[in-house]
Amino acid sequence: QKGFAVFSEIYYSSGWQTYIDGKPTQYSNVDYVLRGLEIPGGNHMIEFKFEPTVIKTGSSISLVSSLVVSILILLGIAYQIKQKRNKSA
């Protein structure tokens, strides 16, 4: 049967994604504190995933920064090798 589940976890609107059988769905605030979810009849897999956009943005910035630093280090090493060759020639 169709039902409504209340989860004993604090409601926080930012970052949490809810899935029923792998399909995104909306959850709601229950009693100002808890999370609730309307569930269709039958057996289902319910998932709550914390996927804030700030984490994705931060990971992207971190990746780009690491690549830039790596390139700068490689360019610095190449410059030092070139300088050594010019001095010995």
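I note at the outset that the model is predicted.

**Entry 1**

I then took the two pairings in turn. Strand 1 pairs with strand 5 (residues 34–39) in the antiparallel sense over 6 bridges. Within strand 5, Gly36 has Val6 opposite. Strand 4 and strand 5 are also antiparallel, over 3 bridges, and here Asn29 stands opposite Arg35.

How many residues lie between strand 4 and strand 5 in their hairpin? I found 3 residues between them, and Asp31 in this turn has a positive phi of about 55°.

**Entry 1. Arg35**

Is Arg35 buried or exposed? Its relative accessibility is 2%, and the cut-off for buried is under 20%, so Arg35 counts as buried. I recorded its place as strand 5.

I next listed what Arg35 touches, leaving aside residues up to four places away in sequence. Its contacts include Ala5, Val6, Phe7, Trp16, Tyr27 and Phe48. One of these has a particular arrangement: the charged end of Arg35 sits over the ring of Phe48, 4.4 Å from the ring centre. Phe48 also belongs to an aromatic cluster, together with Phe7, Tyr11 and Tyr27.

**Entry 2. The largest nonpolar core**

Which residues make up the largest nonpolar core? I found 5 residues in all: Ala5, Ile20, Tyr27, Leu37 and Ile39. In soluble globular proteins, nonpolar side chains tend to be buried together.

I turned to another open sheet of 3 strands, with the order 3-2-6 and antiparallel pairing. Why does one side of strand 3 and of strand 6 lack a neighbour in the sheet? Strand 3 (23–25) and strand 6 (46–50) stand at the edges and each has a single partner strand, so one side of each is left without a neighbour in the sheet. Neighbouring strands here are turned by 40° against each other on average, direction ignored.

Strand 2 (residues 16–20) pairs with strand 6 in the antiparallel sense over 5 bridges. Across this pairing, Tyr19 stands opposite Glu47 of strand 6. The face of Tyr19 has Lys49 lying over it, at 5.1 Å from the ring centre.

**Entry 3. Aromatic pairs**

I counted 4 aromatic pairs in the structure. I examined one of them, Trp16 with Phe50: the centres are 5.1 Å apart and the planes stand at 50° to each other, a tilted pair. This pair links distant parts of the chain, since Trp16 is in strand 2 and Phe50 in strand 6, 34 residues apart.

How accessible are the two partners, buried, partly exposed or exposed? Trp16 has a relative accessible area of 23%, so it is partly exposed. Phe50 has a relative accessible area of 46% and is therefore also partly exposed.

Key:
Residues numbered from 1 in each chain as written. Predicted model: local features only at pLDDT ≥ 70, side-chain atom pairs only at ≥ 80, totals over all residues. Heavy atoms only, no water. Pairing = 2+ DSSP bridges. Helix = DSSP H or I, 4+ residues; strand = E, 2+ residues; numbered from the N terminus. Axes fitted to C-alpha atoms, helices over the stretch in contact; angles between N-to-C directions. Phe/Tyr/Trp six-rings, centres within 6.5 Å; stacked < 30°, edge-to-face > 60°. Buried < 20%, exposed > 50% of the residue type's maximum accessible area, 1.4 Å probe, protein only. Lys NZ or Arg CZ within 6 Å of the ring centre and 35° of its normal. Core = buried A, V, L, I, M, F, W, Y, C linked by side-chain atoms within 4.5 Å. Contact = heavy atoms within 4.5 Å.
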